[in-house]
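Trainee: Could you take a close look at one part of this model with me, and then link it to a few other places in the fold?

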Amino acid sequence: MLLFKKAVDEFANMGGTIIDFNTTIGEPMLDPYLLERARYVSQFLQFKSLGFVTTLQYLDRFEMDEFFESGITWMAVSTVLSGREKYFEFFGVDKYDSFLKNMLMFIEENNKRKGKINIYIDIKPTNEAISDVINHPDFKMINSILNQDLVKTVTNRGQYCDDWIGAVNLPDYLKKRPLYPKAFRPCALIYSSLIIYSDGNVGSCACRDFEANSGLILGNIKESALWEMWNGEKLALIRSNWKRKNRIPNICKSCRHYLY
């Protein structure tokens, strides 16, 4: 926790306002210090947003009063709402019953607290007709108690998904996001945020650097201040080399989450 607190303190001193607990690949709710971290961040009134993406499979590990008082302001739930079989096909784990139980509990507890946490459900594409998805009893049940139009969510979604540079095996019916032209056009993500890994390494993008060993690593917070890395020569060189010389970091060349 000492390294985490150091990172938060330095980011607060830089004037930061948004922190999330998203992992490059992983489930934030498996972090035994999740709520302790959230409580620490919430001490800083300047941080207006704190949340993460989750499958919600492990929500029952937490006591609900403690969870809702931790300072978490939003959660995005990644799921399938058309039964256990389709859930297993997409996620590869038999956790549908756990997810559904936790989802119902979470919505109920949140409604009791007048929507204290902003919940968004991201329904993953399956090889079913949209009519089959929206008419599934579980879908109808969640849609009836959630402050989100899930029918609109499903109707407007695309079939493109990301395989995280081959780290995730996608079902055959899904299409990978296209690789957009990147020449002389740096990704917007290297201008907007930093990622701090559990070992203290600091990266200029959180997208694909699972091992924190790419050319996007700027240094380590154990050795350098966060503001020095954000304003330092290495990050400036990454940006200028891409923009002026079309020297794209190797890990970015095959990234499908490119933003411009």
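**A helix and its surroundings**

Mentor: Happy to! Arg 239 lies in helix 10, where a helix is a DSSP run of H or I of at least four residues and a strand a run of E of at least two, both numbered from the N terminus. This is a predicted model, so local features need pLDDT of at least 70 and side-chain atom pairs pLDDT 80 or more, while totals for chains, interfaces and linings use all residues. Residues are numbered from 1 along each chain as its sequence is written, and side-chain values use heavy atoms, without hydrogens or water.

Arg 239 is buried, with a relative accessible area of 16% (buried is under 20%, exposed over 50%, partly exposed in between, with a 1.4 Å probe and protein chains only). Its C-alpha atom is separated by 21 Å from that of Gly 16, 223 residues apart along the chain.

Helix 10 covers residues 233-245 and also holds Arg 244. Arg 244 is exposed, at a relative accessible area of 69%.

Ile 25 sits in the loop between strand 1 (18-20) and helix 2 (34-42), and is partly exposed, with a relative accessible area of 48%.

Now for the strands. Strand 3 (residues 74-79) runs parallel to strand 4, paired over six bridges; pairing requires at least two DSSP bridges. In that pairing, Thr 79 stands opposite Ile 123 of strand 4. Ile 123 belongs, with Ile 119 and Ile 121, to the covered face of strand 4 (residues 118-123), while Asn 118, Tyr 120 and Asp 122 form the uncovered face.

Elsewhere, three strands make an open sheet in the order 7-8-9, with antiparallel pairing. Strand 7 (195-196) and strand 9 (217-220) stand at the edges with a single partner strand each, so one side of each has no neighbour in the sheet. Strand 7 meets strand 8 (residues 201-203) in the antiparallel sense over two bridges, and Ile 195 has Gly 203 of strand 8 as its bridge partner.
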